[in-house]
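Subject: Structure handover

Dear colleague,

Please find the structure below. My notes on it come after.

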Amino acid sequence: MMHADTGFALTGAVVLALVAGGVSAVGASTAPEQFPVAGRLGDLAVGTVATTIFGGLAPYLAQTLSESTGRRLVPGVMAAVVALFASPVLWRLPETAPSRLAIAENTGHRPDSCPPRQRRSRAHGSESGLVRPGSGAAPHASVG
């Protein structure tokens, strides 16, 4: 049977792993978009070096502070402080997904003439149910 501290540690590790998966998925696509295309690779390399240095020192610092203060919550406090300082930066990141206006500028259409994606029944041969604009396929009405 597990000791109570081991059970709490295991539960905490599982919860953090679940949260980290979501953060990593978003971070992998968000990080490159913060930099202009011309210098993106070099800028990401600097960020990777900084992550390596601070990520490598954080466990040592957490262990040292935990032992010197006698408080076991030091790693959690450290993570909370980082989140506190990172949150305002993340909230201010601009949206980089293409808008209808940007798509219109690239295709030469007026923004109000860009049709939204049309749906058709899967029974009529469309695997995804989407009709690509300009594909010549007309949406089929479903008989209900």
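Predicted model: local features only at pLDDT ≥ 70, side-chain atom pairs only at ≥ 80, totals over all residues.

Residues are numbered from 1 along each chain as its sequence is written, and side-chain values use heavy atoms, with hydrogens and water left out.

Salt bridge. The count comes to one salt bridge, taken as a side-chain nitrogen of Lys or Arg within 4 Å of a carboxyl oxygen of Asp or Glu. The partners are Arg 72 and Asp 5, at 4.0 Å from N to O. Arg 72 is in the loop between helix 2 (40–69) and helix 3 (74–91) and Asp 5 is in helix 1 (residues 4–33), so the pair ties together parts 67 residues apart in sequence. Helices here are DSSP runs (H or I, at least four residues), numbered from the N terminus. Arg 72 is exposed, at 69% relative accessibility, whereas Asp 5 is partly exposed at 43% (buried is under 20% relative accessible area, exposed over 50%, partly exposed in between; 1.4 Å probe, protein chains only).

Helix 2. Its 30 residues reach 41 Å from first C-alpha to last, close to the expected 44 Å (1.5 Å times one less than the number of residues). A kink of about 30° lies at Ala 58, shortly before Pro 59; the bend is the angle between axes fitted to the seven residues ending there and the seven starting there. Gly 70, with a positive phi near 75°, follows helix 2.

Helix 3. A kink of about 30° lies at Phe 85, shortly before Pro 88.

Regards

Key:
Helix = DSSP H or I, 4+ residues; strand = E, 2+ residues; numbered from the N terminus.
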